[in-house]
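Please look over the sequence and the structure below before reading on.

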Amino acid sequence: METLVTKADGTQATLGDGHLKELRDAIRGELIASDHGGYEQARRVWNGNIDRRPAIVVRCAGVADVQQSVNFARAHNLRLSVRGGGHSAPGYGTNDGGLVIDQSLLKGIQVDPDARTVRVQGGALWRELDHETQAFDLATTGGTVSNTGVAGLTTGGGLGWLMGKYGLAIDNLLSADIVTADGQFRKASASNHPDLFWAIRGGGGNFGVATALEFRLHPVSQVLGGLVLYPLDQARDMLRFYRDFCATLPDEAEAYAAVLTAPQGMPVAALILGYNGPIADGEKVLAPARKYGTPIADLVGPMPYAARQKLLDEPNATHGLHRYWRSAFTEKISDELVDALVEAASRFSSQLSALIFFYMHGAAARVSPTETAFAARRPQWDFDAIGQWANGAESAQHIQWVRSLWDKIEPQLQGSAYVNHLSQDDKPEKVRASYGSNYARLREIKRTYDPNNLFRLNANIAP
């Protein structure tokens, strides 16, 4: 019996049972094909609107399984996806007809509290990493929701609640274990394969499979966090206040903003605030925001760091919701952009959708654009138009809502984006622009480690 597969170039071919048996016998983990009882679950990712059917999912039990899977995909020229947390909005962690390297079982985490470092395997989620590090009142920058995969978020740069004080996730990365396209295991660090180490700090999944990562940790325990909510009729003024307030922030503070739907069903505006330092200092720094206007509710208060990591989880990170995102960086929030967003919020097509600004500043913005592959090192906002809905039958109307809004506001934004938030609809020119001045060097390194573009299901850098 033969299995229909999709090759890297999109053409179809067949694999005989002998080839699948060869792979099955070569791994310690599980090979899941379409006739397997767990196939439906294995093919799914975080974004429920991604409905793809890979020919083979290899649920790896260790690095050797990753190597065997890479070698098999290369030998048979198969379309290849790599899945850590499966959190990619465009669904890079799965595909139609190809092979998926699934690292979801690889969740080993080792904290060295004396050295203030942690080593984590490629299938771990940030909430799992936080659980281990917080036992020692330690943390490192790791996103703004808790169920993102550690490896994927990091290799794309790694914005997060600690970035003003401690930089991006990549600024705390000490080393990474990478299986490259030739199936070889390489430990990348500042002193070992430094070109590869440079590239994986912002170059996404273009250079191999990150099977483990080692991070620097920082003392973090109680923090300030929470939302201040405003009725929609105050949203224009609130967003203008927010625009100016961000310029006053010390490194310890984080301030994001959104228009979204409250649990009661009405559209609202929100300041999303955090402080990483003494609580009393944070109360003073965040006071102007909390005293601004006439809020519906002020939910800001002291909380454990891990609790703040989950603050935006519902519904923004709910596994299985249908999603369509568009995103871009912007160094200014114009009045025209504010007006367009508030008008759009008055007619959300789904109560689960949101329009969010994440402000990048402080330590994250002071690193040289060429020190890592992440070139966007300046104070700016990562803006995201996030369409989310529960019923897949409604996908067309909700996707159209986001696209219609994006057509109106895109001229107000930059032609580049945070690599982890690029959409499947973004043109190659935007992908190149998002790597900025580092794109040429990234292509050179891609040619060294992946000359045939085996790892192409990502924000791709063509060799």
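What follows describes a strand and its partners, then a set of salt bridges.

This is a predicted model, in which local features need pLDDT of at least 70 and side-chain atom pairs count only at pLDDT 80 or more, while totals for chains, interfaces and linings use all residues. Residues are numbered from 1 along each chain as its sequence is written, and side-chain values use heavy atoms, without hydrogens and water.

Strand β14 covers residues 222-231; strands (E, at least two residues) and helices (H or I, at least four) are DSSP runs numbered from the N terminus. Because 8 of its 10 residues are buried, β14 is largely enclosed by the rest of the structure. Buried means under 20% relative accessible area, exposed over 50%, and partly exposed in between (1.4 Å probe, protein chains only).

Two strands pair if DSSP finds at least two bridges between them. β14 pairs with β16 (residues 267-275) in the antiparallel sense over 8 bridges, and Tyr230 has Ala269 as its bridge partner there. Strand β18 (residues 301-304) is also antiparallel to β14, over 4 bridges, with Gly225 opposite Gly301.

The structure holds 27 salt bridges, each a side-chain nitrogen of Lys or Arg within 4 Å of a carboxyl oxygen of Asp or Glu. One of them joins Arg366 and Asp251 at 2.6 Å, N to O. This pair links distant parts of the chain, 115 residues apart: Arg366 lies in helix α12 (residues 363-366), and Asp251 in the loop between α8 (235-245) and β15 (253-261). Arg366 counts as exposed because its relative accessibility is 58%, whereas Asp251, at 22%, is partly exposed.
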